[in-house]
Amino acid sequence: MASRHERLAEICAPFVRDGQNIVISPGNAGSLVFASQFRKKNVKARPRIAELEGNMYSCRLIGPAKVFVALPASPKYVAAFPAAWTQKVIEDLKGMYNLLPATNVFEAALNTPNVVIHLAGSLLNTGVIDQSEGEYYLYRQGLTPSVMTCIEATHAEKASLFRRLGYVDRSPIDFLKKLAQQGEFPELATFRGLNGPQSIKHRYISEDASTGVSLIVSLGKAFDVQTPLSSALIALASAINKVDYLGNGRTLERLGLAGLSVKELNQFLAEGKE
């Protein structure tokens with residue numbers, strides 16, 4: 001989970017080497033957290049820190065050394081911080097992973113399908129989740145027409161923000177519409193079998209409220225893009241779990257990037273300096 005990024009960076013810090021590739025999957029802007037922690041730890045080496053747009057594999061750990069894989073591996077977008085290193089990361093991992101370049105780590109982080117799916121889809125199904133005793137399947141049970149409408153509206157806010165920032169929006173909505181047609185597309189049956197969320201404290205809520213959706217709201221406030229639905233979803237999640245997901249979340253302020261213009265922010269993400 002993204003909440004572990006700071007601790008993982010601390011653990012990695014003594015072992016970092018020049019020219020090493022550190023790829024976080026999924027990213028959730030974790031590359032910026034790793035870079036910040038390495039600076040705090042006075043790491044002298046210069047690794048290439050990058051992150052994926054979503055997970056490398058759609059999977060679950062279901063037992064000791066046993067993994068449930070829901071979809072075959074497919075090409076993934078990746079971005080390094082700074083983005084000037086992205087192509088080098090892709091070249092170094094060629095033959096192991098099929099990677100494509102994203103504009104920067106914010107584009108990669110916020111294009112993760114989870115950002116627009118998990119929080120809205122979970123919160124609108126809280127009653128069923130509370131009563132499920134851990135046996136709930138969002139992609140099999142929760143993608144009702146009303147839920148889909150809310151998810152699409154959440155995506156529309158992200159798309160508006162991307163237009164302001166100059167990023168490429170890769171929408172999960174078409175794929176989600178196929179998933180929602182339970183009697184169709186049998187090749188997606190395995191994916192529909194992914195369990196979760198098992199409770200309202202599940203990462204579908206706690207992680208996405210505190211990372212991707214918080215970052216969308218923070219960027220919207222900074223650059224005058226309205227995100228009322230995203231803000232409302234965070235407020236609901238915060239009330240239900242009694243956690244200030246926005247105040248404690250991954251925002252421009254907490255990343256040390258408050259006060260920058262769009263141009264300055266994108267330059268920083270591209271070059272590693274304002």
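# A guided tour from helix α9

Begin by selecting A180, which lies in helix α9; helices (H or I, at least four residues) and strands (E, at least two) are DSSP runs, numbered from the N terminus. The model on screen is predicted: local features need pLDDT of at least 70, side-chain atom pairs count only at pLDDT 80 or more, and totals for chains, interfaces and linings use all residues. Residues are numbered from 1 along each chain as its sequence is written, and side-chain values use heavy atoms, with hydrogens and water left out.

**Stop 1**

A180 is partly exposed, at a relative accessible area of 24%. On this scale, buried means under 20% relative accessible area, exposed over 50%, and partly exposed in between (1.4 Å probe, protein chains only). Leaving aside neighbours within four places in sequence, A180 is in contact (heavy atoms within 4.5 Å) with L143 and M148.

An α-helix has 3.6 residues a turn, so residues three or four places apart point the same way.

**Stop 1: S230 in helix α13**

Move to residues 228-241, helix α13, and select S230 within α13. S230 has a relative accessible area of 1% and is buried. Apart from neighbours within four places in sequence, the contacts of S230 are T154, E157, V213, I216 and V217.

**Stop 2: helix α2**

Select residues 30-40. Helix α2 is mostly covered, with eight of its 11 residues buried: G30, S31, L32, V33, F34, A35, Q37 and F38. Which elements cover them? The cover includes the helices α1 (5-12), α4 (105-111) and α14 (262-271), together with the strands β1 (21-24), β2 (48-52) and β5 (76-81). After α2 comes N42, whose phi is positive, near 55°.

**Stop 3: V89 in helix α3**

Residues 86-92 form helix α3, which holds V89. V89 counts as buried, at 1% relative accessibility. Leaving aside neighbours within four places in sequence, V89 is in contact with N21, V23, R48, A50 and A80. Then select S122: V89 and S122 are 33 residues apart in sequence, and their C-alpha atoms are 35 Å apart in space.

**Final stop: the whole chain**

Zoom out to the protein chain, which has 14 helices and six strands. Its radius of gyration is 18 Å, close to the 19 Å that the globule rule gives for 274 residues, so the chain is as compact as a globular protein of that length; the radius is taken over C-alpha atoms, and the rule is 2.2 Å times the number of residues to the power 0.38. The C-alpha trace spans about 50 × 45 × 30 Å along its principal axes. Of the 274 residues, 51% count as buried. Among contacts between residues at least 6 apart in sequence, 72% join residues at least 24 apart.
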